[in-house]
Amino acid sequence: MSTSGMSLDHALMIIAGEGAQQVGVYLRKVFRAPLEVFLKAGIHDPVTIHDRYVEARLQYLLGRAVPSSRILGEETGEHVLDKEKVAGAGSITLEQVQRASLDQSRRQGSKQVLTNEFAWEQAQPSQRKEAVGAAELAQAKETVKNLGSRVRWIVDPIDGTANFAAGIPYFNTSIGVELDGKPVAGVIYVPYTRELFIADAHTATLYEGERATPMRAASARVENEGIITGYFPFRDKDPQRVEKSWQLAGKLANAYATVHSPGAGALDLAHVAAGHTAVAFGTAMRPWDVAAGIHLVRVAGGQVHTYETARNREDPEHLRGAFVASARDLDPLTARAAVEHFLRAFK
């Protein structure tokens with residue numbers, strides 16, 4: 001507990017929630033507008049100028065709130081939010097991001113789509129007095145302003161980029177927060193629906209406009225009554241891996257009421273925390289895909305089992321992207337067996 005009377009975890013949650021809601025104003029504006037999609041690792045790993053622009057804005061917002069804190073972002077990796085980095089992130093323009101993206105694109109024949117700069121005043125708390133946490137923001141900033149490198153933000157500016165680029169509203173901004181290396185807060189904000197899934201170290205809540213609902217991870221009690229979401233690599237250079245993926249997906253289809261792969265891992269986890277779905281799983285997600293979501297599920301009382309793999313061995317347990325998350329009263333036997341079988345087969 002800080003001397004201000006607000007706990008550090010709660011203050012960090014408020015700041016992360018404010019950042020996610022601010023960039024959400026921008027994402028609503030540009031959603032389904034014309035855009036160029038660029039490629040990172042290949043055709044199944046898209047990125048847009050909005051991913052990069054939003055991550056820069058979050059660097060600015062989070063770095064101003066906690067100077068010299070650290071960030072691990074999907075687009076820019078890990079670094080310290082020092083004064084120079086924060087100033088640069090705050091002054092970057094959409095045109096600059098677009099030009100850099102065009103220069104780096106692996107896609108031939110990329111052409112510039114005309115863009116208009118966003119007036120960030122539209123996203124300021126003073127313009128959004130109804131925003132969750134706005135009344136606590138000043139106190140939260142005062143509470144954590146001197147924490148510096150003790151804080152790390154794990155950020156996915158647009159989780160579900162392929163959906164976003166295609167005009168499908170199943171995407172979100174995800175921010176997990178560590179203090180001294182331990183997860184203390186998680187925020188997942190869905191711009192299109194304005195749903196805010198948010199948790200400090202003790203309490204998880206879903207905000208839908210003026211309605212606030214405690215999250216209890218209470219869903220199905222048996223597998224065949226629950227919805228499961230998750231991802232095996234159905235496209236792979238190794239045909240054995242593809243075949244194994246389909247075999248295991250078939251077992252899940254027989255065990256659960258419905259199997260979905262909606263395309264945004266963080267939001268899948270949020271829905272388990274809220275009790276909307278029973279199980280979410282992944283085999284090779286990255287820390288920014290799971291940081292906020294795993295925290296939400298655990299604080300909401302759900303279960304999360306993670307697995308160490310060659311890809312995530314260096315990551316702390318709460319950031320491992322091979323996992324099975326489930327409702328509090330459900331034993332996801334089939335899901336765990338399928339994920340474990342897959343991971344053993346391709347060690």
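Is Trp120 buried or exposed? Trp120 has 9% relative accessibility, so it counts as buried (buried means under 20% relative accessible area, exposed over 50%, and partly exposed in between, with a 1.4 Å probe and protein chains only). Let's look around the rest of the chain, starting with some ground rules.

This is a predicted model, in which local features need pLDDT of at least 70 and side-chain atom pairs count only at pLDDT 80 or more, while totals for chains, interfaces and linings use all residues. Residues are numbered from 1 along each chain as its sequence is written, and side-chain values use heavy atoms, with hydrogens and water left out.

**The whole chain**

The protein chain has ten helices and 15 strands (these are DSSP runs, H or I of at least four residues for helices and E of at least two for strands, numbered from the N terminus). Its C-alpha atoms fill a box of roughly 55 × 50 × 35 Å along the principal axes. A compact globule with 347 residues would have a radius of gyration near 20 Å, and the protein chain agrees, with 20 Å (the radius is taken over C-alpha atoms, and the globule rule is 2.2 Å times the number of residues to the power 0.38).

Of the 347 residues, 56% are buried. And how much of the contact between residues comes from positions 24 or more apart? Among contacts with a separation of 6 or more, such pairs account for 69% (contact means heavy atoms within 4.5 Å).

**Aromatic pairs**

The structure holds nine aromatic pairs (rings of Phe, Tyr and Trp, the last by its six-membered ring, pair if their centres lie within 6.5 Å; planes under 30 degrees apart count as stacked, over 60 as edge-to-face and the rest as tilted). In one of them, the ring centres of Phe31 and Tyr192 are 5.4 Å apart with planes at 75°, so this pair is edge-to-face. Phe31 sits in the loop between H1 and strand S1 (37–39), and Tyr192 in the loop between strand S7 (182–190) and strand S8 (195–199), so to speak 161 residues down the chain. Phe31 is buried at 9% relative accessible area, whereas Tyr192 is partly exposed at 42%.

Trp120 pairs up with Tyr53 in a tilted arrangement, 5.9 Å centre to centre and 50° between the planes. Tyr53 belongs to helix H2 (residues 49–65) and Trp120 to the loop between H4 and H5, with 67 residues separating them. Tyr53 is buried too, with a relative accessible area of 3%. Both belong to one aromatic cluster formed by Tyr26, Tyr53, Phe118 and Trp120.

**Salt bridges**

A search of the whole structure turns up 13 salt bridges (a side-chain nitrogen of Lys or Arg within 4 Å of a carboxyl oxygen of Asp or Glu). Here are three of them.

| Pair | Closest N to O | Residues apart in sequence |
|---|---|---|
| Arg152 and Glu78 | 3.2 Å | 74 residues |

Arg152 in strand S5 (residues 151–159) reaches Glu78 in strand S4 (residues 77–80). Here Arg152 is buried at 9%, but Glu78 is partly exposed at 43%. These two also join Arg70 and Glu178 in a network of salt bridges. As for the last pair, Glu317 is partly exposed at 33%, and Arg298 is partly exposed at 33% as well.

**The annotated site**

The UniProt annotation "binding site", from an unreviewed entry, covers Glu74, Asp156, Ile158, Asp159 and Asp289 (positions use the numbering here, feature names are shortened, and annotations may be inferred rather than shown by experiment). They are spread over 216 residues of sequence, yet cluster in space, with a largest C-alpha distance of 9.9 Å.

Glu74 lies in the loop between strand S3 (70–73) and S4, while Asp159 is in strand S5. Asp159 is buried, at 4% relative accessibility. Leaving out residues up to four places away in sequence, Asp159 touches several residues, including Phe171, Gly265 and Asp289. A polar atom of the Asp159 side chain lies 3.5 Å from the backbone nitrogen of Gly265.

Terms used: A polar contact is a pair of N or O atoms within 3.5 Å; within protein, one must be able to donate a hydrogen and the other to accept it, and residues adjacent in sequence count only if both atoms are side-chain atoms.
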